[in-house]
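Okay, thanks for coming, everyone. Let me put the model up, and then I'll walk you through a few spots.

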Amino acid sequence: MSEAAHHRPTGLSRWLFTTNHKDIGTMYLIFAFMMAIIGALMSLVIRAELFEPGLQLVDPNFFNQMTTVHALVMVFGFIMPAFVGLANWMIPMMIGAPDMALPRLNNWSFWLLPPAATLLIISLFVPGGGPAAGWTLYPPLSIQGGMGMDFTILTVHMLGISSILGSINIIATILNMRAPGMNLMKMPLFVWTWLITAFLLLASIPVFAGAVTMLLTDRHFGTQFFDAAGGGDPVLFQHIFWFFGHPEVYILVLPAFGVISQVIPTFARKPLFGYSSMVFATAAIAFLSFIVWAHHMYTVGMPMAGELFFMYATMLIAVPTGVKVFNWVATMWQGSMTFETPMLFAIATVFTFTMGGVTGLMLALTPVDFQYHDTYFVVAHFHYVIVGGSVLGLFTAVYYWLPKWTGHMYSEGIGKLHFWLTMIGINLTFFPQHFSGLAGMPRRIPDYALQFAEFNMWSTYGAFLAVFSQLIFFYLVWKTVKGGTKATDQVWEGAEGLEWTVPSPAPYHTFETPPKVS
């Protein structure tokens, strides 16, 4: 082979043109955590304004822009790219593939993200200000916004294209590039959850793209899809948006379920309890997520029969979700458990996500949802699901696989400090919001009645603690990447082998010679 064929690009060109799944996975993770910092700072602006009653820091319009862009950054800029980064890193290694199926497409999927994120941030500084319609972009607010709203619509399209291309790549890789002998029911759970998540993305993202395209034509081309004054219907947008928006919640959380299903067996030193039921429960959650969208819309005046259908369908989702929680607990039951940092984060993920699930069941009930709707109770529920499920799941994955990625072991002491400060901060932020919401405090407002002052003060203390605790995490990751104790083949004291053997065998094929057929 010629010298040119052996040449590996270095410096900037390595990252710009790479088709290596590990490099692309690393770039996704770095991008995601940069966006997390931006989104977290926006949340601190929101919480600082709400520290006490009255308007003290920002004007109401800018406050609404912060709530909108914070959510879009966290959902589309942080959590989704971070899990795609994990998929890029781990799926080829878990199924015994040399790389992703479509490496150049993989590169393009990533490089759509930085320009899209830049557009979203710039939207705050253009004439007319940024989007101030909530992350749901409901008309008529989104029809009336300035140029920042157009930037946001373009951002959504670019992020959507990236997600669709990434999903195609993941599906093609898993279905076509598994090592011989690894059938679908022998794949690790993380691979299964991503396969199902990728189909969810393919089915839901184009729906959202259609909604924002119709919004764009309403704004600039004289159509009246969502403008009631011209015969349109703003509620139509809500139906289209939530047909995407509810599967989106599971897109954010299913890969975290996959991570938890890898980590708990490792530290319980037992095979995962109920592998098949986990696979079918994940598929059931994905299917049901498409038929529950209007539980976000009980207050729009839909017929009683519609409300009843969406109530029962929503409660049905609790069944497969409960199966997963039961299986995780059963895996830990009588296991030889140790509590290293990944296990602490995994248990915390199960606990906080279950909290969010229980409040979700409350919100599913049509009669009482009229009381909860658009209050801080919904904010608390949503953040327990997404922060408690997705973000803690991401931390679980990073701590679990960091030695595999870097070849170095991180400091357990620093990891556990990060865990405890994060958990205290998260719960101090969001738990009081349940009570504010039940007492009637509306969401997305920069000012509030005096009776809510104390709960808001505690929430703000918690938010600052939770955000600044992440400096410990970034320090730990940086220190581990730079060096430290060398990680052995068996990082987790003999338990690491379980990552492969439970629930799937180690890929035995190196792709160098075809296996012998007897």
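**Helices, loops and a ring pair**

Let's start just past the end of α16, where Gly440 takes a positive phi of about 105°. Keep in mind that what you're looking at is a predicted model.

Now step back into α16 itself. This helix has 27 residues, and from its first C-alpha to its last it reaches 39 Å, close to the 39 Å expected at 1.5 Å a residue.

So who does α16 pack against? One partner is α13, residues 341-364: the two helices pack at an angle of about 10°, with their axes 10 Å apart. Angles under 35 degrees count as roughly parallel, and α13 and α16 are therefore roughly parallel to each other. If you want to find the contact on screen, look on the α13 side for residues including Phe345, Ala348 and Met355, and on the α16 side for residues including Phe419, Met423 and Phe431. What kinds of residues make up this contact of α13 with α16? They divide into eight nonpolar, seven polar and two charged.

Okay, over to another pair, α10 and α11. Their axes come within 11 Å and cross at roughly 170°. Anything over 145 degrees counts as roughly antiparallel, so that's the label for α10 and α11. Here the contact is made by Tyr250, Leu254, Phe257 and Ser261 of α10, together with Met278, Thr282 and Ile285 of α11. By type, the residues of this contact split into five nonpolar, two polar and no charged.

In the loop between α10 and α11 you'll find Arg269. Its phi is near 55°, a positive value in a residue other than glycine.

While we're around α10, let's talk rings. How many aromatic pairs does a search of the whole structure find? It finds 44. Take Phe267 and Tyr400: they form an edge-to-face pair, 6.0 Å centre to centre, with 65° between the planes. Phe267 sits in α10 and Tyr400 in α15 (residues 376-406), so the pair ties together parts that are 133 residues apart in sequence.

The peptide bond from Pro139 to Pro140 is cis, with omega near 5°. Pro140 itself is in the loop between α6 and α7.

Last stop, α3, which covers residues 21-49.

Technical notes:
Residues are numbered from 1 along each chain as its sequence is written. This is a predicted model: local features need pLDDT of at least 70, side-chain atom pairs count only at pLDDT 80 or more; totals for chains, interfaces and linings use all residues. Side-chain values use heavy atoms; hydrogens and water are left out. Axes are lines fitted to C-alpha atoms, for helices over the stretch in contact, and angles run from 0 to 180 degrees between N-to-C directions. Helices (H or I, at least four residues) and strands (E, at least two) are DSSP runs, numbered from the N terminus. Angles under 35 degrees count as roughly parallel, over 145 as roughly antiparallel, 65 to 115 as roughly perpendicular and the rest as oblique. Contact means heavy atoms within 4.5 Å. Ala, Val, Leu, Ile, Met, Phe, Trp, Tyr, Cys and Pro count as nonpolar, Asp, Glu, Lys and Arg as charged, and the others, Gly among them, as polar. The expected span of a helix is 1.5 Å times one less than its number of residues. Rings of Phe, Tyr and Trp (its six-membered ring) pair if their centres lie within 6.5 Å; planes under 30 degrees apart count as stacked, over 60 as edge-to-face and the rest as tilted.
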